Amino acid sequence: MTATVEARPGPGSGADRVRRRLTVRGTVQGVGFRPFVHALASRLGLSGHALNNAGGVVAEVEGAPAAVEAFCRGLVEQAPPLAAVSSVAAEDIPPLGAGSDTGPDGAGFVIRPSERGGGRTLIPPDTATCDDCLRELADPADRRHRHPFVTCTHCGPRFTIATALPYDRATTTMAAFPLCPACAREYADPADRRFHAQPVACHDCGPRLRLTRARGAGAGTGAVTGEDALAGARRLLAGGAVVAVKGIGGYHLACDATGPAAVAALRERKARGTKPFAVMCPDAQAAARLGRVGPAEHRALTGRPRPIVLLRRHRPGERWDDPLADGVCPGSPDVGVLLPYTPLHRLLFGLPGDPPGPEVLVMTSGNRSGEPIVTDDREAMTRLAGLADAWLWHDRPIAAPCDDSVVRVRADGSEVVLRRSRGHVPAPVELPVPVEPSLAAGADLKNAICVAEGHSAWFSPHIGDLDDLAALRALDGAEERLRALTGVTPRLLAADRHPGYRSARWARDRAGGRPLRLVQHHHAHIASAMAENGLDGSAPVIGVAFDGTGYGDDGAVWGGEVLLAGYGGYRRLAHLAYVPLPGGDAGVGNPCRTALSHLRSAGIPWDPDLPCAAACPPEERRVLERQLERSLVCVPTSSMGRLFDAVSSLAGVCHRAGYEGQAAVELEAAAAAAWQEGGPGYAFALRRPAPGGTGATVLDPAPVLREAVRDLRSGAPAPVVAARFHRAVAGAVEEICHRARRDTGTAAVALSGGVFANALLDEECERRLNTAGFTVLRHHRVPPGDGGLALGQLLVAARAGAPRRASAKPHDPSANGPATDGEHTCAWRCPAE
């Protein structure tokens, strides 16, 4: 984001000495901006002062006109690395004369105490420990040697410790730790790297580490502190224990990632099934043993946000000494790797001379499966009881829960954020069109809410699945913090149209007479991609929205959608053919049943030689057959995610899913193994609507399934079937976009929805569409899945006028076929509004 200085003339400017007041807005608190202003003014020989207020940083400078102009330019051009200046408003005011701003130390430029009041500024995201602090951490001669909380102006926690604005030590969770004389001198010294660094501390005045062992975990339950706590935690991890480690945004559950028994114990205690764990390595060189690390992956691993980076696993036969236990990420094509981003993490791996410890650590969110991350120390002792053998914690409170972010690096070197949290929030997303103060509730899975006003939107950290009361409480807290830190008071609310979504009920309960606009799920996905790519909505795009579940206009479960869409409306151009989804959402955990339903719809018998049929016992198949014949608890679905599940089971890859998306993840892993030699793709049948009709084109997967069955019976291995299926989906996207361009004249294609977290599909679609001359819009800073849905909800709700629904009549969800295809010119208000 760039800014220019907007000056307003004022009275009384002289020719030899001028004074100017500047109000700087953006991410300018907690990033060393006032110390930077102090240094810049002092270097230019200017007097004056700077202070924080709730709107940003206000500076007054006085001196020679040329020096004042240089100061104004430098505010934007030389800002600190963590700052993001969005605007600078300047006003000439009467000079006060030399000596008028002299501080108690004789300085001509001073930093004044912060002012309270209204306004808006931005707290920066938490940032990984900088190189200077890491050098001090490892230097036996430095007074912060081995200090687990070493930080400075350029690094460390910000968002997760902020309790209010303006951002000062008194409005952070460091307020309870008075500075010792040595730290106070650094804090007050303009020449020091810790000048006005709010989290600054040392061994004498900072937070304290503690290690508490669970009953029955050896050596008693009493807490040990400081260096003894750290050494004890390292011994426990090396011995195969599970340790709950308090980070800056919440607790992690850590264990030795190279120890099969430790990994298995953590997996069993957390009831995680086979869902992959993320791991932490001491450095990028160690990460390269686990997955492919090119220059772009190296930048992602070592950058300031320090997210979990999904690295593609090494191919069989590549000579890499991968030390991970098999249970860390079974069946996944990727391994999620992050590097230490706090001093405590660095110390867990040890400094030179320390006893050897684990070379790779599992670092998974500190919670029970399905619950929000734990941040409170007392809750950690209860909610993580039975999961952890010990707790390595400290007494600095966490103000804002914040899970680790997750990113993937694409083949072109660009990044896509799959989970937007620590290191990214609360950095704003710039909007291409202004919106009134708004709040969007997002989805029920991978929930993240969003507030917006004007040209800026702010996401909450990742909240997760809204399955229980704890998640809804986390949602309440996230909304309160967003409003407090952004100053947005929503006048409009937006939510998903699904009648059973908890997020929509949550929004309705908080509407309080304000308009609540309900937005179709896949429309929101496409609007999110449009907004992130800077489209103002004046022209529609071809929106390809592929995911697992979204409530359709006809009451069916959508998920394989091609829309002609703008912010103000959409038309369904094409969709995957409807098939019955046995058990509805409850049946998602059984890909083999979904496969059998697809085979039945395609007219393919359930012969026992097919892996999906063999995976279903005879009695289960008989019950399923009766269920499909009578349409009992069978919701029609056009979901592409469910088709991936079906092919995964058909190919013998995954028949029962222990976590959301497992069958598709494992199918991608199989396809990756044969991508280079997998052969041509299968082909969907595209059924056009009748001449003169208004319906949508149907993508029929029956030919794909028949070809896959033929391949399997001829002995083709599962990876070949998986690769040919991926190419079939990409080919269908290319063909339907060709037809849409011919029919509508639109050549911009937005790819969105959780299915596009699949790297093979995402990149194959992008390659084909680019080659065909389309402008391809993909996600980068906003997740393509439901974690980015709130952004699209905001834009659609802002554009919506009087609510109007264009689809014909309510659809009976128990029927196997679709009702009239939907077409919306806008979102609509909830009937209760």
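Me: On what conventions does the description rest?
Reply: This is a predicted model, in which local features need pLDDT of at least 70 and side-chain atom pairs count only at pLDDT 80 or more, while totals for chains, interfaces and linings use all residues. Residues are numbered from 1 along each chain as its sequence is written, and side-chain values use heavy atoms, with hydrogens and water left out.

Me: Is Asn-758 buried or exposed?
Reply: Asn-758 sits in the loop between strand 29 (748–752) and helix 21 (759–771); helices (H or I, at least four residues) and strands (E, at least two) are DSSP runs, numbered from the N terminus. Buried means under 20% relative accessible area, exposed over 50%, and partly exposed in between (1.4 Å probe, protein chains only). Because its relative accessibility is 7%, Asn-758 counts as buried.

Me: With which side chain does the side chain of Asn-758 make a polar contact?
Reply: A polar contact is a pair of N or O atoms within 3.5 Å; within protein, one must be able to donate a hydrogen and the other to accept it, and residues adjacent in sequence count only if both atoms are side-chain atoms. A polar atom of the Asn-758 side chain lies 3.0 Å from the backbone nitrogen of Leu-760. The side-chain partner, at 3.0 Å, is His-726.

Me: How far apart are the end C-alpha atoms of helix 18?
Reply: The expected span of a helix is 1.5 Å times one less than its number of residues. The 12 residues of helix 18 (residues 662–673) should therefore span 16 Å, and this agrees with the distance between the end C-alpha atoms, 17 Å.

Me: Which residue in strand 17 is the bridge partner of Val-409?
Reply: Strand 16 (residues 406–409) directs Val-406 and Arg-408 one way and Val-407 and Val-409 the other way. Four bridges join strand 16 to strand 17 (residues 415–419), and the two run antiparallel; two strands pair if DSSP finds at least two bridges between them. The bridge partner of Val-409 is Glu-415.
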